[in-house]
Each structure stands twice: as structure tokens, then as C-alpha cells.
Amino acid sequence: QSPVKGTVTSSRGERLAGVTVSVVGKTTAVMTDGTGHYAIPAAKGDRLQFTSIGFAAREVAVLGDENIDVVLDNELVAAMNEVVVIGYGTQKKATLTGSVSSVKGDELKKSPQPDVSNSFAGRVSGVIANNRSGEPGYDGSSILIRGLATTGNNDVLVVVDGVPGQIGGLSRLNPNDIEDISVLKDASAAVYGSRAANGVILVTTKKGKSGKPQISYNFNQAFTSPTRLPKLADAFTYATIQNEIAYYNSQDKGMNQIYSEEQLQKFKDGSDPLNYPNTNWPDLVLKKMALQSKHDISVSGGGENVKYFLSAGYLNQDGLYKNGVTRYKQYSFRSNVDANISKRLKVGLLLSGRQEDRMFPQSGAGDIFRFLYRAYPTVAAYYPNGLPTTGIENGNPAIMVTDIPGTNYNPTLVFNGVLKGAYEIPGVKGLALEGMFSVDKSSGFDKNFATPYNLYQYNAATGTYTPNVLGGIDKQATLYQSQTNQYQYVSNIRLNFDRRFDKHSINAFVGYEQSNYHSDNFSAYRKHFPTYTTPELSQGGTADADKSSDGGSYTYTRKSYLGRVAYNYSEKYMAEVQARVDGSSTFGPGHQYGFFPAVSAAWRISNEDWFHKGAVINDLKLRASYGILGNDNVGLFQYFNNYSLNSQYVINGVIVPGYDLTLLANPDITWEKAKKLDIGLNAVFLKHFNLEFIYFQQKRTDILAQRNASVPQLSGINSAIIPAENIGKVDNNGFEFTLGYNKRLDQDAGIYFSGNLTYAKSKIVDIDEAPGTPEWQKQTGRPLNTYLLYNSIGMMRTTDDFSTYPHPTTTPRQGDLVYQDYTKDGKIDANDMVRTKYGNIPQVTYGFTAGGDYKNIDLTILFAGQARVSQYVLPESGTIGNFYSSWADNRWSPSNPGGSYPRVDERASNSVNGGAYPSTFWLNDASFIRLKNVELGYTIVNPLLTRIKLSNVRVYASGFNLFTITKVKDYDPEGSSGSGQFYPQQRIINLGLNLRF
Amino acid sequence: CKKNFLDLTPTTTISDVAILQDSALFEDYVINRYMGIKIIDKEGEGTLPGFGRAFEYSMWSSNTDESIYNNDDGSWLIQRGQIAPENLGNAGAFWGRSYRGIRDCNWALNNIASVTMSDGHKKNIIGELKFLRAFRYQDLIRNYGGAVLVGDRVYELKDNYSDPALFTRASLKASIDYAVAQLDTAAQLLPRDNGGSWPLGRATKGAALALKARLLLYAASPLYNCGTWAAAAKAAQDVIDLKKYAIQDNYSALFIDQTMAGNEIIFGRQYTITAPHVRMEISNGPNGYDGWAGNTPLQNLVDAYQMDDGKDITDATSGYDAAKPYENRDKRFYYTILYNGASYRGRALEAYIPGGRDSKDGPSNWNTTKTGYYLRKFMNDANPIQNPWSSAGQQPWIYIRYAEVLLNYAEAQNEASGPDETVYDAVNQVRQRASVGQPPLPSGLSQTQMRGAIRKERQVELAFEEHRFYDVRRWKIADVVENTPAYGMIITKNANGSFSYERKVALEGKAFSAKNYWLPIPRPEILASDNKLQQNEGYQ
């Protein structure tokens, strides 16, 4: 009897570790190693059985071959047997009654963006993820499940390894540590009760598997650059614009009030760079490319009773600025250990921690980009002799991004520990007691040291350079330091019952959970540092006025009773009831407890005897769920009148203590409620196609909102002191559609594709509105987050137009926008503003992913897109800032009467063509489709590798945000800034290496 | 788990019970009523706003013919008559802030009975609250006209806001009568002097009487036309009769001394290094000194300053020389306005072109003046212009001073009984301040001539102190003066070193129409009332 050897791969070509290989009828059994290899003693005529969770078991006869390679099918049966993580448990995909999307960690890892939240877009139906900024450390996506459904807080609850709202959240988790992520989109989240209304994301980290240690090392080197930057006007154009603005102010003084034709020529020809420079600020301040690198190592393995997964990661992201200090570094570790203490008692200890090191210059990214886009092209960053100029308004972006004005160091430490236990109660089969205790701690530190520095003014008359001292205070350094400590303890205990009686299966639990969150902050400030070399609080000025300090803390607590009963008959008829009673300290006495139930059911039609499987439809399931979920994400202590110390008034030369009313009481404040209905159809047809269609309906009531519009100010109650009340109603309906195809062509090749589309449209049923609001401006009946704008319907091109079109001012000019007189009353006033159809949350999001493998090569492509979405952007242009080229080159002017953009003005923000009458001219269709992610890999198989203990080497190249198709001209369409001034989203090209030992 | 696991006590706020149980906390609450909430952008820099607009980046003067604000900030649309209910510019805060202040005062007035403190002190505080409430009404009345009078009512969230009675505006007369009655009570309850348990910064009897005098002057004025000049004169006389106040010698020091020493200031607000206002020197200073040229005086105001012989520059015998326009002017011109050639911080101001350091040829030329002038009043030369953050912003804001009371008296008395000696005396006290020394008014003026002289006197004496805006309205001359272009001066340095002066329009489009006599009530307020609240004429 010689050993039979071979390799086990999945139908997608992945080498499968941990597959149990046994000889049928005998006790012999082994497992495949990290490269999918096995060796088992077997004789000719034996039958080998290959089993692994998530794969269809397979039997192969030993025909005498020494080498039996096996492909396990995870296409059809495997998909049905796949286990999905749900709230407080897991469930077979086949018996799922709710809408749960799940995505594997390996899938998310393909995105070279280090922030996990950026990996959702396009991959998971029903999840709307918008990446608003690319600044290292703050480059995550805002995530909404099925769009906006409330005027209140829309944050999704993130549960990591069973800990609801774990401190540290989702974004900064190391993607390599994630086993899978489930998204609970419907009433199936009701088991999270008062925090589940906006959906729940469940993250499960990797656990060890029995077998010999598997060591994996990953190295990623990425090159990042902005997806797009606005093109800005050059010096000649901008100088001409300045002349035009002066001309509009005093037309009798002609077209060359600021710059003469000779001066304009000098800007054009660059003959006098000292006095007539031509500066492309973004080119000067931003690098073409920044670096990002990532190292990850993990070890996983274990014996029969102890299994472990250990990992460590390091990430280094560089900012985009030339000589900039912006960077993000992250160090993380994880140790997940599971142990069987006895036959009945299992414990698990999950420890993880990370340090997030953020380093920024003194100015925030918003400010830097504000100055960068405003800075005049007619001003240089540096004089020819190398001295820095005063830039715009004493802000020189080339200096702002460096450490010359000082730095802002902001490291955050996060620790998460979870201790879990499960005990099978003797005597009753299927009865078990489970419990968990978790500790989260985080400590955020901020050290902001501002140092004085010089910017120089050149005096052309005298030829001298005069320094302007900026930064710090009184030409001395200042230090602001702060510390925020948070902790959260969550504990729960559950009694589980899971048993099958013939064709009846019951899975049920009841439990109790409580949590306690606390946050403490402290900050201190010193100025007048005698020297810059001692950036410590103890080394600052000593006068009373040189110092200040601040601090505060808050706590909230929750306690909950929860349970679920799931029943299925032969995996044919499924029904489930779950409920949670939640208590929260956010609300006042008598209003602290809420009840959140849900029911769901499914009918697996394809399991009926009369259903002929295999012909066209292989699997068919119809399901529905309904439940009530809650949202308690509002400010604390709103149930009584709040008075706060606010000492600012000076009496006899000194500040005296002063109290202000800061919030009026709403003693009745309680939960926001979401009633969610979900009807879904799942099918597999022609063996390789899978399809999901879901219709969803959500009715949000008792929305926590402030009555800012209907309470008149003459009551003396202004918006600052109005508490949240349970007043609004919003409906949010839509559908999700997913169609996939997955086929192995042969042993060496496979292909798959999948497309998904989500349509979610909100409709405000009831919102606090001023009773006198004109019908066409009301939010009621319209989607959330729309804009109220004038309709821009053309341009005043001739003076005749002044009498044709009503205009908002008494002095219209050629080159002004024409606004629609919506009320047809012959004048343009606020009543002519109209609600837009869309806001900046897309109603339609879609994704398309495709891939395949051939021998050692694998490829994945992901497109993501959005539609029915608008973004308003009015650049801060005028004498106060430069213009996008799109405006500058197409502006109306006396010499360009056909221009498509309005005439330039002193300040766009106050212009009759800009901020004074915000109009649809500045509203862009922010639809786009973009190549979100590509990964191309090559796995090196070479016997030589095994000699150096390497079992697998994979090299790959990947990309993020590679290209975008959109109508938006000047900025990335995912942005949400109304001025376009934000750190741009990143395009990432990444090269990676994976070694397995 | 503990029984009261969900019952937590906040550590950063207290309840109304706590405020009312402790008289010290209650008084701390009352003290903050001297300030109001911040409502619009770019106000309350440093500390919360008080009454009016005071030291903000764009000052109230920049909504008049006194100055323009270089960076707009919601002032140009008022200069241009474009203010609208939905677009209020820098004038968008009075409505909301005043009513919030009134409610805060009412809450204290309604609850003070239950607070344990001495009767005497309690009386003072009641007087103080009524004074503060009346001051809020003054802000409402002089900006919007007839106010909605809410009495002592403290509105609650649960009140029915669809009741039309809530939105009824009282007549101008009823509004002023109400405020005046409150001030009469306040004057009886407030102490005459600051000191001891009533330190400087808290209102006194004089403050209440002086505010009453101002309101009655308004009431008698043509725009209001709901009171008598005699009553206004009597009210001002009552302040004079206190014999507590006098004209201070040094005009410019009056606006800089943060201790508010002397006895000209009747009611003002102090600031300190840790509770500052906008840093005036950098925000208004010339670009050549690294200032931002915020509120820049207009030629319209410059022309109002007489020659130091007491004659108007339009008088051919005044000695005014258009080639040397800044010579021999009323000294208050030099204390108020920085002009080309003025000696400032060690050099002469260079507002000329070509090449002037404080002109568009100077550094940071986005911060240069459009008018040819910079603001001098309020500027403390001890403060740095560059990096002022830890020293500047401490000038007092004067709400009411004795010079105003004298001019109020003179105006009312002249209208009531003609230019008698007391009228001359009151105006001349102001003109002949030691550091000003303008010649007394020529004798024998007719009532009309005296009216003109008093108006001009107010224009220059009280410049930048938030009077001009309301004066030109109540006199109903705004349709003339505010329709005059906002002039500045182009100053050109000639080859021989002399200067040429050419008038120019500094801010294009200045305009005023009849509706602009009052501010519009904010549109959201009209909508919140379901259009039951009467909008001011012309803004519907």
C-alpha cells in the first residue's frame, strides 16, 4: 500500500487547504496542507472521499495512480451549503430567510485601497459607498445601506466578531485579517434592535484551522495619484479676468485698470518671472505620484484542541504634497485563539490592536486645497532667489504643506479584546450556553505645534524682500495638545438550542446583553515658547494668559434582552421570529425601553417533490421578511433643560462665570423606528447562473429631528436649543438585482461574472417644514437631500434680454445668468427657487465584476457606478481666487459674447451668478462609471520553491479608480464639497507579492 | 447589573432646578444676558455678540455712507439695496438674537421670585433684566419697526405656533411705549452707580434713562412720527440732570481705554485678552502694514468734516484747498480717518499710486483700500498689526455715551422749541471737547440751520458707532444720502512729489429704495408663521 498523493483545488483554481481526505470505510484520514497537497495511504480499489465546508463532497476511486488531483466544486452545491454569518450566529445560505449580502475577505483584499470601506462599492448590492476624500488617514467611504432613509443619523452599525459598535470600527481593520463580511439589509437585523435601522455590517476575523502552520507574507507597493485635479486658469488668463472685474466695477475706466497690455504680455511670455510669473499651483505643490506600502504576515494553524491565527501588519501611506508632512502609518496585530477546554467547553480569545499614526501639516486638507485652487497664477510660490512669497492672503500652499509652519501629530491607539465561551449543557442534546465579554479601549492623542515662519514680500520699487512673520503667536511657537480616551465594555450571555428532529430543525436562542461606553477628553494649550526646540507643554510661556485647558466626558449605557427562533422543515419551508428589547440611557425615565420584533419566512420551491430540478431552474427560493428596527443615534440628555457654563462676559476687566440655556427639554424623546418589508427571489438556473431579485420597502417613523423650520424665532426658541423630537416620516423603497455566472471550463480555466444594481429612492412623508413654504419648495413628497436652487435657463446676451427676462437685481448685465421666473410674477425672488430632482446620494448604484483564471494566471475586474445623483459645486473664484479653466476659458466677456459660462465677478460666492442666487447652473450630474478595481495575478509553481520551503508564490498587479467616465468636468464626481475644495480621491496602481510557507 | 444602570447624570450640563436653587448660578445666568447667540456667519469672533453689531469684521458703518467693507461679507448687498428676506447679508441676526434674548430674560424674570437673595439685590437684577429686554426691543424696533411684543411669556416647544395672535406686530408707538415703560421701571430699580456688588459692566439707572431718551428721539423723528420732541428732550434732560456724566477730554483715547474710565461712557462692553473681539488693527489696517483694510471710510464721510475754523468745506470762505484736502480739518477727522500722508506707526501713509505701499501697488494688494482711506478710530497703536492674536481685540464697545445724549437733547429741543441756548450749549460741549476744540456754532442759526448743524455734528462725532444708519433713516434722508454713490479717492503722486486727487466710485451700484427704510424680516420667519407675520413694505 503506497501513499496516494495529489493536489486539491477549487473549481476556481485555488489550492485548498484543510480539506479532509479519508478512505471510505476506514478510519484513515488526513488533511491537505497549505498548498492543497495531501498524501494518504490507500490501495487500489479504495475510494477516497474529499470533504470541506463550503464544497460539495466528492468521492474518487483509486485506480492505482500515485497521483490523484481533485477539483472540488464550489459552484452550485457549495454555494447552497455556504454558511453565512448573521446576528448572533450563522446560517446556511440555503435556509436564509432575510436579505444578507456576504463578501469574502479575499475579495475585499483585491482592492489596493488600505481602507476597507472603499472595497464595498460595486461589490455588494444594496451598499452605497461614496469615497469623498483621498487624504491618507481619512480616505474612507461613507457607507449607506440602501440609500438614505432618515433625516436623522444614517450611520450603519458595525459589529466586529460579535461586538456591536466596536470602538475602532470598520475602516481601519487590516483587510488581511478579515474572513468575511455580512451585510444585514432588511429586518434580519432586528436582533440588533435599537441600532439596526440603518443596517448592520458584520465583520468576522480569521480563525485558525487545524493543520500544520501556514505562514503567509504579503508585500504591496502602490503608487497613488489624484483621480483628477481641476485645470486652472494661467496667469495671462487670470490677469485678463482681473481687468474684466475692474472694468465691470467702473466701466468708464476701460479694460486695463489692473494690468496694461504690456504687463499682460509679460505674463504670457514669461520674460519677467520675478514680477510677472505664471504659476501652476497644483503642479508646484502636488507630486505626480505618492507611495504607499504594506507588509502583512500571518501564521495560522493548530491541533485538535487549540487553533490559532496570528497576524501583524504595517502600512505606510504618503501624502500627495511635495515636501509635505502628511502621511499615515498603521501598525496592527491580531491574535485569535480558539481552544477546546473539555469536550463540552470551548473558549476563544480574540485580541487585536493597532496604532494609527496620522501626521498632518498645520493646515487641514480643506484649507490647503482651498488655498491651492484660489492662489493666483500671477503670484509665484517662490521668488527667483528662492524666498517663499506670501501666496494668497499670506497663505502659501507650497509652504502650508510642509512642516515649516509646524506639524499636527495625531496617533490613535485601539485595542479590542473579546473573550468568548460556549458550553454544551449535558442532558439536553443541542442545548448550549454561550457568552462573551469584550473590552475596547482607544486613546487618541493630538499634538499640534505651530511655529512662526517667514513669507516674503517683494517691493519692486526698492528691490527689497520684507519678511512677514506668520504662524504661532507673537512670533513665538504655540502648542495645543489633547487626549481622548474611550472605552466600551460589552457582555452577553445566550442560551442556544439547535436540534433537528427528523425533518424539523430548530435553531433558537434567548440572551441578555449590556454595554457601557465612556469617553474622556482633555486638552491644554500654551503659547509664547521661548524656543522651537522644546515642543512640550512645560516649556511654554508662564503667564496665566499663556495657558488654557479644557476637558469633559460622557457615558452611555444599554441593556438588552434578545432572542430568535428559526424553524425549517426539510429545508423546504423556513420561518423565523426574532426580537430584541432594548434599553438605552440616551432617553429619559419611562422612555428607555423599546421593542423590536421581526418575522421572516422562505419557501424553497425547488425542494418540492413536484419541482423538476435540473432542467432549467436548479434552485428556486422565495422569501419575505418584515420587522421593526430602531435608531437611537442622537445626542444624550435631551430629556431635560440643559444649562452650560459659557464664561465670556467681562465685568470690571475680568471674565465672570456665565450660564446659558443650551438645550430645551424633550422629556418624551425616544427611538426612531423603521418598519422594513423585504421580498426576495433567489434562483440558480442553467447550473451556472445565479440570480437574486429583492424588492424592499422601508417606512421610517418617529424620526429624531429638530423642529427648526416651523418654530418661529420670535418664540425665542432658536435652532441651537431645539432638542430632537420624534417627528419625521420617510419612506424608502427600491429593489436590488444581481445576476451572476460562474463556470469552470476545464481544469485549467474558469470564468465568472456578476452584475448588481440597486435602486433606492426615498420619499419624505413628513418633515418639519415652515407652514408657509410654497408647494414647489416643500421637501415633503420628495427625496431626501435635494437642493433648493434657481433654475438657470440661459444668459443675458443682449441688453434687450434685460426687458425680456425678469432679473433679481435692478442692474442686470450682459453675461448674467437668466433665472426662471417660476412663479411667473415678473420678478425673481426666493419664491422662484425650486427643489432639484436629485441630491448627492445616488438613487442608482451598480457594479459589474468579471474574472477568470487560466492555469497560473488569474484576473478580476470591477466596475462601479452611480446614477440619478447631483452635486452642486461653486468654485471660490473672483478677485479672491483663481478659476477653473472650464469657466475661465468659456466665460462671457465683452470680447467673448458667446461664452457658455457667466461673466466673472468679484466673488463667486456673493455674485448674482453664483452664491447670491444659487442655481442649477452649478449643479452637476454626478453620475459616473469607473473602473474601480483590477487585479491580475500569476502563481508561480515550481518544484524548486518547495526546496526553499516555499509552497506558493504569487505576484500580482492591481489598481483602484483606474478610469472614470462622467460628465463632471473639474473634480472627482464622488466628492461632496460644495466648493470643490477637498483632498482628491486617489488612483492607485499596486504591485504585490504573496509568499506562502 | 445595577438597578439604575441606565440612569446617568451628565457631567457637563446642569438643569434649571440647579440654576434656581443657587443664587450665584442664577446670577451667572443673568450676566450672560448681556450677550446673545451667534446666528450668522462671521460674527462673534472671539466672544459672543452683544447688542447691535459692534466690533465685527464688517461693521455696521459699512452698510451706510460712512465706509465700505473691503471683503464684502454680506455688506455690499445692503449698500446696493439688494437686501431681501432671503438674503440678509450681515443684517440677518437681529430678529433671532433679540427674541432669544427676550425669552432668556423672561425666564429669569418669571423665576427670580423663587431665588434666594437679598431684596435689594433682587430689585437690581429685575431692573437689569428689564433693561436688557428693552435693549433687545430697541434692536428690533430700529431695524424692523413695530415689533411683536411677547410680554413676560416664556414660549415652550409644545406651544401652538399656528395661533395667528402670536404673529401680530404692534404699532411703532406701542412698541416704543412698551420698551420705554420697561426702561422707566428699570431706571427705578437699577443703582445709580457701579461699584461694590454692582461692578462696571452692569447696567445703571443712567443707561436705562439714556436708552429711553434715544427711543423717544426716534419716536419723534419723521420716519417714526409717533412721539413728541418735547418728550424726547425731557428724557435726554433727565440723563443730563443726573449730573453723573461729562464729555471726556481725549476723543481718541475714549475708544481705546479698555477700563472704560472717565464718565462719558454710560453703557458699554469691556473685553479682555481672553475674551476679545475682532482684532481691529489687523482687520482694518493698511496693506502696507499687513492689515486687511476691512472697513474703509468713504469720501462721503470725509467731506462731512468741517475745517478747523468751524466752516464746511463747501463754504468758499472755509479755506478748504482741494489740492491739499486734508489740511486744517476738524481734529476728529484725524482721530477717525487714516488718509494719504497721515503719520501712522512711524511713517507716512502711502495710499497713492504709483508705488504707494498702502495702495494697490503695495504688498498683499488684495488687502488694499478701495476708497483711499483707512479706519483710524478704535485703532490702538499699542497693539501689533502683524500677529495680534494674543494682545489685540480689547477696545470697549460703547453702546451709549454722553455726547450722544447731548446731541439727542439738542436735536429734540431744537425741534420742540427752536435753537435756544441749551441747544447751543449741548452741541458746543461736544464740539469743544478739549482734544477737539472746534469753534462753537455761530450764533443766530435758524431752526433749520441748527437742524443741519446737529445732523452734521452727529455724523462726525458718532461716526462708526452705529448711529448713522438709523439717523439717515429716521430723518428720512436716506433716499438722498444712501443713493449718493460710494465715493473714494484716487490719489496720484506726481513727479514733483505733489499729489493729485480724483474722485472715483469705490463701490459700484450703491442704491436705496423706500423699502430699505426698514430691514426685511427673515423669510424663514414669515414662512414659519404661515405668512401671518406682516412683512415690511416692499419686501413681500
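Two strands pair if DSSP finds at least two bridges between them. The model is predicted.

## Overall dimensions of the two chains

Chain A has 997 residues, and 47% of them count as buried. Its secondary structure consists of 10 helices and 50 strands. The C-alpha trace of chain A spans about 105 × 70 × 65 Å along its principal axes. A compact globule with 997 residues would have a radius of gyration near 30 Å, and the 32 Å of chain A agrees with that. Among the contacts in chain A with a separation of 6 or more, 69% are accounted for by residues 24 or more positions apart.

Chain B has 540 residues, of which 56% count as buried. It contains 18 helices and 10 strands. Along the principal axes, the C-alpha trace of chain B spans about 90 × 65 × 50 Å. The radius of gyration of chain B is 24 Å, which agrees with the value near 24 Å for a compact globule with 540 residues. In chain B, residues 24 or more positions apart account for 68% of the contacts with a separation of 6 or more.

## Domains of chain A

Chain A is divided into domain 1, residues 3-74, and domain 2, residues 80-214. The centres of domain 1 of chain A and domain 2 of chain A, taken over C-alpha atoms, are separated by 33 Å. Six residues from domain 1 of chain A and seven residues from domain 2 of chain A take part in the contact between them. On the side of domain 1 of chain A that touches domain 2 of chain A, two residues are nonpolar, three are polar and one is charged.

## The three-stranded sheet of chain A

Strands β4, β1 and β7 of chain A form an open sheet in the order β4-β1-β7, with mixed pairing. β4 (37-41) and β7 (70-72) of chain A stand at the edges and have a single partner strand each, so one side of each is left without a neighbour in the sheet. From one strand to the next, the twist averages 35 degrees.

With β7(A), strand β1 (residues 3-10) of chain A pairs in the parallel sense over three bridges. With β4(A), β1(A) pairs in the antiparallel sense over five bridges. In this pair Pro3(A) stands opposite Pro41(A) in β4(A).

In a regular strand the side chains alternate between the two faces of the sheet. For β1(A), the covered face holds Val4(A), Gly6(A), Val8(A) and Ser10(A), and the uncovered face holds Pro3(A), Lys5(A), Thr7(A) and Thr9(A).

## The four-stranded sheet of chain A

Another open sheet in chain A is formed by four strands in the order β3-β2-β5-β6, and the pairing is antiparallel. The edges are taken by β3 (29-31) and β6 (58-61) of chain A; each has a single partner strand, so one side of each is left without a neighbour in the sheet. The twist from one strand to the next averages 20 degrees.

Strand β2 (residues 20-23) of chain A pairs with β3(A) in the antiparallel sense over three bridges. Within this pair, Val21(A) stands opposite Val30(A) in β3(A).

## The contact between chains A and B

The contact takes 73 residues from chain A and 77 residues from chain B. Several elements of chain B each supply at least two residues of the side that touches chain A: α1 (16-21), α2 (23-31), α4 (94-111), β10 (499-507) and α18 (523-528). The largest share of that side of chain B comes from α4(B), with seven residues. By residue class, the side of chain B that touches chain A divides into 39 nonpolar, 23 polar and 15 charged residues.

Note on methods: Residues are numbered from 1 along each chain as its sequence is written. Chains are lettered from A and ligands numbered from 1 in the order in which they are written. This is a predicted model: local features need pLDDT of at least 70, side-chain atom pairs count only at pLDDT 80 or more; totals for chains, interfaces and linings use all residues. Domain bounds come from an automatic or database domain assignment. Two residues are in contact if their C-beta atoms, placed from the backbone, lie within 7 Å. Ala, Val, Leu, Ile, Met, Phe, Trp, Tyr, Cys and Pro count as nonpolar, Asp, Glu, Lys and Arg as charged, and the others, Gly among them, as polar. Axes are lines fitted to C-alpha atoms, for helices over the stretch in contact, and angles run from 0 to 180 degrees between N-to-C directions. The radius of gyration is taken over C-alpha atoms; the globule rule is 2.2 Å times the number of residues to the power 0.38. A residue is buried if 20 or more other C-beta atoms lie within 10 Å of its own, exposed if 12 or fewer, and partly exposed in between; C-beta atoms are placed from the backbone.
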